[in-house]
Amino acid sequence: MSLDQIAELAAKKPTQRMSGAQRREEILVAARTVFAERGYAASTDEVARAAGVSQPYVVRLFGTKRELFLEAYKVASGQIIEALTAVPAGPDAAVRMGDAYIGLLADRDLLRMVMHGFIAGADEEVGRVARHTLGEAFRLFQERSGEDEQAARLFVAQGMLINVLLAVDAPAHAGEDAGLDALVQCVQDDIADRRTA
């Protein structure tokens, strides 16, 4: 080995091993992507491959597929509640909460993971998280904005409509269905009007 090769090796930083917590987080990120794409039908083996680990390792960390799904769903739902909670109470809270929610939807995997959680809501624990997420969105909107129940219901309903439109990738299919095009335009106009109000 030449002196240059030895110097090159010495200059390279040693590869750091991931901690268990870092590996767990990496698996949860992979799980979100896989479950967002395939729903609860996805397997722990698919998640393991996406995370670059073995399937037995995933099972050792999370137990069952149900527990892995539930944990990934809790993280996604928690992000929504955290974003809404971060908006301070005040006269512009309604607009800011809408903006906070719309900002989250840029992460399509987050959106689709949450939608799959609503679908899997027949499972008692998944359903509990789904119900809490909806209830907290409603409660936080009223608390932060000072608006009435009707306005809070419309906020949650609008969020769900946006979720569904993005889940079916409606904006990418413009021109296929006149009714859907009109609905997408109506939602986009509402968002634009809200931001300029």
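Helices here are DSSP runs of H or I with at least four residues, numbered from the N terminus. The model is predicted, so local features need pLDDT of at least 70 and side-chain atom pairs count only at pLDDT 80 or more, while totals for chains, interfaces and linings use all residues. Residues are numbered from 1 along each chain as its sequence is written, and side-chain values use heavy atoms, with hydrogens and water left out.

Let's start with helix H5, residues 65-85.

Now the rings. Phe, Tyr and Trp rings (six-membered ring for Trp) pair if their centres lie within 6.5 Å; planes under 30 degrees apart are stacked, over 60 edge-to-face, and the rest tilted. The whole structure has 4 aromatic pairs, including these:

| Pair | Centres | Planes | Type |
|---|---|---|---|
| Tyr40 and Phe69 | 5.3 Å | 85 degrees | edge-to-face |
| Phe69 and Tyr73 | 6.3 Å | 20 degrees | stacked |

Tyr40 sits in the loop between helix H2 (20-38) and helix H3 (44-51) while Phe69 belongs to H5, so their pair ties together parts 29 residues apart in sequence. Phe69 and Tyr73 are 4 residues apart in H5, which means about one helical turn separates them. Ring pairs link Phe35, Tyr40, Phe69 and Tyr73 into a cluster.

As for exposure, buried means under 20% relative accessible area, exposed over 50%, and partly exposed in between (1.4 Å probe, protein chains only). Phe69 is buried at 1%, whereas Tyr40 is partly exposed at 37%.

Methods: Helix = DSSP H or I, 4+ residues; strand = E, 2+ residues; numbered from the N terminus.
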